[in-house]
Amino acid sequence: MALHRFSRASYGFHRYFQPSIAVLSIPWNQQNPSSSSTHHSILNNNPSQTSSSRPSNSIQDFEKLYSRYFIHSSSPKIGHLGLQQYLYFSTLGNSEPKNEPKSSWIDLYLPQRVRPYAHLARLHNAIGTWLLAWPCMWSITLAASPGSIPDVKMMALFGCGALLLRGAGCTINDLLDRDIDVKVERTRLRPIASGVLTPFQGLCFLGFQLLLGLGILLQLNNFSRVLGASSLLLVFSYPLMKRLTFWPQAFLGLTFNWGALLGWAAIKGSLDPAVVLPLYLSGVFWTLVYDTIYAHQVLNFIELSSEMGS
């Protein structure tokens, strides 16, 4: 029997899979039916652990991460972060990973080093950016002078701001929830939870996004600068609401629709409660609806994954 080397895993993968990395040995001569059995050895502190528990999942997780961040790269090797660990794979059918992640434009077109940060900001899923940008666009449109088109430059600035603020919010969420994400099937392959990015790298990326957002905010009037900066309190506290209340989507509505106030202020230099408050409150209730639907979709996904896993 001989070991077939699959690839080198970087330090990030080694750090995540260290508790139970499975080394699967496969027959060197596949033509010999008598040698078709596969032997498993577990590299952890529990020799009694069987191959049907964590190791197969670790190999599947590694292959998913490998296909997401490295399969489209022209680099001859994976490891570039330091300590390297060899992983091995089995050719048996039951060791094939299930539910392979779908390749997005991030995996196809962005450089290898940039991909984890793009996934961290959820750039592959633009719906969150649109949901954050629409209240801004509504408010800017209402603030336009009668008979004239909305300020295109201001709408472009708010669009870029929505992209950056949404990415910053996702980064904060993943930093705070990293210990929980590793235990959930749907989230355990996120860059920080899987170890592809360290928390320090996540913090640096968060600072970079906020710095770019500050550059956009400084182009607005003084009243809008103060109003926009005050929204950071909501952005940073929203991920914690899941731990404090059964209504986190209500707090999400307060956060995501802040642009209904800020867009008007950016054009007028002040707030008109008779206009912006109904718009803001309607946006909050709108968020309650779509985020509750999303929560039920996630619940159905978790239940379906549990049934398939059993």
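1. The protein has an accessible surface of about 17,100 Å², and carbon and sulfur atoms account for 64% of that area. Accessible areas here follow the Shrake-Rupley method with a 1.4 Å probe, and for residues only the protein chains shown count as cover.

2. The model is predicted: local features need pLDDT of at least 70, side-chain atom pairs count only at pLDDT 80 or more, and totals for chains, interfaces and linings use all residues. Residues are numbered from 1 along each chain as its sequence is written, and side-chain values use heavy atoms, with hydrogens and water left out.

3. The protein contains 13 helices and four strands; these are DSSP runs (helices H or I, at least four residues; strands E, at least two) numbered from the N terminus. Of its 310 residues, 44% are buried, where buried means under 20% relative accessible area, exposed over 50%, and partly exposed in between (1.4 Å probe, protein chains only). Taking contacts (heavy atoms within 4.5 Å) between residues at least 6 apart in sequence, 73% join residues at least 24 apart.

4. Two packed helices are described by the angle between their axes and the distance between the axes. Axes are lines fitted to C-alpha atoms, for helices over the stretch in contact, with angles from 0 to 180 degrees between N-to-C directions. Helix H5 (residues 127–143) and helix H6 (residues 152–176) cross at roughly 150°, and their axes come within 9 Å. From H5 the contact includes Leu132, Cys136 and Ile140, and from H6 it includes Met155, Phe158 and Ala162. By class, the contact of H5 with H6 comprises 11 nonpolar, four polar and one charged residues. Ala, Val, Leu, Ile, Met, Phe, Trp, Tyr, Cys and Pro count as nonpolar, Asp, Glu, Lys and Arg as charged, and the others, Gly among them, as polar.

5. How far apart are the axes of helix H9 (residues 199–217) and helix H10 (residues 222–244)? The separation is 10 Å, at a packing angle of about 155°, and H9 and H10 are therefore roughly antiparallel. Leu206, Leu210 and Leu217 of H9 meet residues of H10 including Arg225, Leu232 and Phe236. This contact of H9 with H10 has six nonpolar, two polar and one charged residues.

6. Leu176 belongs to helix H6 and is partly exposed, at a relative accessible area of 38%. Leaving aside residues up to four places away in sequence, Leu176 touches Pro239, Leu240 and Arg243. Its C-alpha lies 9.5 Å from that of Pro199, 23 residues away in sequence.

7. Is helix H12 (residues 259–268) mostly covered or mostly uncovered? Eight of its 10 residues are buried, so H12 counts as mostly covered. Among the buried residues of H12 are Leu261, Leu262 and Trp264. Just after H12, Gly269 adopts a positive phi of about 85°.

8. Arg122, although not a glycine, has a positive phi of about 60°. Arg122 sits in the loop between helix H4 (115–120) and H5, and is buried with a relative accessible area of 13%.

Notes. Angles under 35 degrees count as roughly parallel, over 145 as roughly antiparallel, 65 to 115 as roughly perpendicular and the rest as oblique.
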